[in-house]
Amino acid sequence: MERSSNRLFTTQDILGFAVLAVIIFIVLPMALDSFRLNLFGKYLTYAFVAVGLVLCWGAGGILSLGQGVFFGLGGYCMAMFLKLEASTPKNTAIQSTPGIPDFMDWNQLTALPWWWEPFNSLFFTMIAVVAVPVVFALIIGVAMFRRRVGGVYFAIITQAFAAILTILIIGQQGFTGGVNGITDLRTLHGWDIRTNDAKEVLYFVNAGLLFACLLIAQFVRKSKLGRLLIAMRDQEDRVRFSGYDVASFKIFIFCLGAAFAGIGGAMFTLQVGFMSPTLVGIVPSIEMVIFCAVGGRLSILGAVYGALLVNWAKTSLSESFPELWLLGLGGLFIAVVMVFPNGLAGVYAEHIAPRLSGLFGGKTGAAKSPKETPAE
Amino acid sequence: MNMQNPNFLLMVEGLTVSFDGFKAVNDLSFYVEPNECRVIIGPNGAGKTTVLDLICGRTKATAGSVKFKDKELLAMREDQIVHAGVGRKFQTPSVYEDLTVFENLELSYPKGHSVFGALTFRRDANVKARIKEIAETIFLEDLLDEKAAYLSHGQKQWLEIGMLLIQDPELLMLDEPVAGMSVAERKKTAELLRRIVEDRSVIVIEHDMGFVADIATRVTVLHQGKTLSEGSMERVQNDPKVIEVYLGH
């Protein structure tokens, strides 16, 4: 009795991963000029967040409206390192205190705050990009899940955290760069990240990291922990009274989502060249949930497509009709909720996969129950 | 009754829970022996389900003590109580509808209960054999690959009992296991319960008197959060107090 769900990859999963790999590693780099490729690289950084949301929200039923916090924390860690490297005494000779970031000088700071010091080290920064969001998620997770806060209450509280962090960053201008964020980032260990060549390399590094996260997500979903998350979503009490400490599983998956988001944020900073509070707050956090919902909240690959498509639509639409974009985004969200609740992946599983399998002689095991078979 | 009797598996003493002043369970005491099948009956609102909730930790008691094998359960978290050997079945069948029967049983298999354990859990031959064995006991051996959502009501009840059996608890608590079952399913469930009781203690809440007479070693009648009567089925049935508040009409 071999059960497909126990294998790490079914044939369908392999196909799904392969198609996405071809699109990201071959089709996009060949079809797009360097400017557009960089834009898609930026979109892919949001895919990290969306994949994390599939695990938390789709699989575990934990809806976080504050993923921007973790994206931002990862991004700020990277930005702090890059800013310090750009603020050499030579580059900042005209400041009243040379050698510190320009915005600190404008705010009458005369020395680097102690908590900026460790970000002189690239090694420390790379750890912090993951560790800072994870520790933050751990604190929120322990505080919320141990007290059995869930559902809507959890969503609202995470949203409050997004608001708080934004206000904090804007208010502490001298330490954080305020509303402008941390800008004018130049080199990574002496390597100029502003050139087209560098952006191309970063695109591939980003894509590689995304696939690493996708593989981790796939492993988690196919492990017993993945099935436990589904079980918890449906019957939390039954899981608890089967001898599981439910809170620890929720904390784990929330932290994993935060780690993914942090990596995405750091890659955003590297590719776009700045980090600002506009990427941390409530609106971007909700947008990230929409990427995930459009792609299909049950499918990790769907989330990547969702992030790509929604952002591409956002760029194209706001280039031609800037005032219409927000309306379009709202409409899209309503449409997803009402018409296709499982997003693109759901549409694929219900309408396209059965036809494809018909074409190829029905070997793909035509989706037995369209309701819950996410395309992967 | 001798309170220090080491032969009791479960000792409930002075158990009280108060919801905003209303005492749903009021100074309740009872004792369950190993291999006993205790049935709790009583009118609606007597506190039957609340008693099970208190024992398994779902509701926190206001006062009293619940000792299981000399361990105080009231101080433990729900999952720790499960690991101590107490299993609980809910009134409405609580199974994981999006998962298959096999997966439902697998998640209840007593291994890999930590985060790390769940990530590294392997579906080895022992696990498969045990799941197959349990599936045969609960009459679902042909439906292992079926999603639980597609099972009948009675089959879901069996599945949940199976999910408890796979943990091999020393004390199993069942809340109305035959509610909503057909006559044929009821008979099979009674047979299942008799087999289960052979090597563990069971506390059952049930309304169906025929079914109660079929399985009970002893019966406790609850009324307004207190014990109204206790003893063999025959004794309880002939107790005038019981006839007045419960069986009489």
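In the predicted model, the contact between helix H9 of chain A and helix H3 of chain B is formed by A:Lys224, A:Arg227, A:Leu228 and A:Ala231 on the one side and by B:Glu103, B:Glu106 and B:Leu107 on the other. The residues of this contact comprise three nonpolar and four charged residues, with no polar residue among them. The two helices, which span residues 224–234 in chain A and residues 101–108 in chain B, pack with their axes 11 Å apart and at an angle of about 100°. Because angles of 65 to 115 degrees count as roughly perpendicular, H9(A) and H3(B) are assigned to that class.

With regard to confidence, chain B has an average pLDDT of 90, and 97% of its residues score at least 70.

Two or more lining residues are contributed by each of three elements of chain A, namely helix H3 (67–86), helix H6 (151–171) and helix H7 (173–176), and the most are given by H3(A), with four residues. In terms of residue class, the lining of this pocket holds 13 nonpolar and two polar residues, while charged residues are absent from it.

Definitions and conventions: Residues numbered from 1 in each chain as written. Chains lettered and ligands numbered in written order. Predicted model: local features only at pLDDT ≥ 70, side-chain atom pairs only at ≥ 80, totals over all residues. Heavy atoms only, no water. Nonpolar A, V, L, I, M, F, W, Y, C, P; charged D, E, K, R; others polar. Axes fitted to C-alpha atoms, helices over the stretch in contact; angles between N-to-C directions. Parallel < 35°, antiparallel > 145°, perpendicular 65-115°, else oblique. Contact = heavy atoms within 4.5 Å. pLDDT = per-residue confidence, 0-100.
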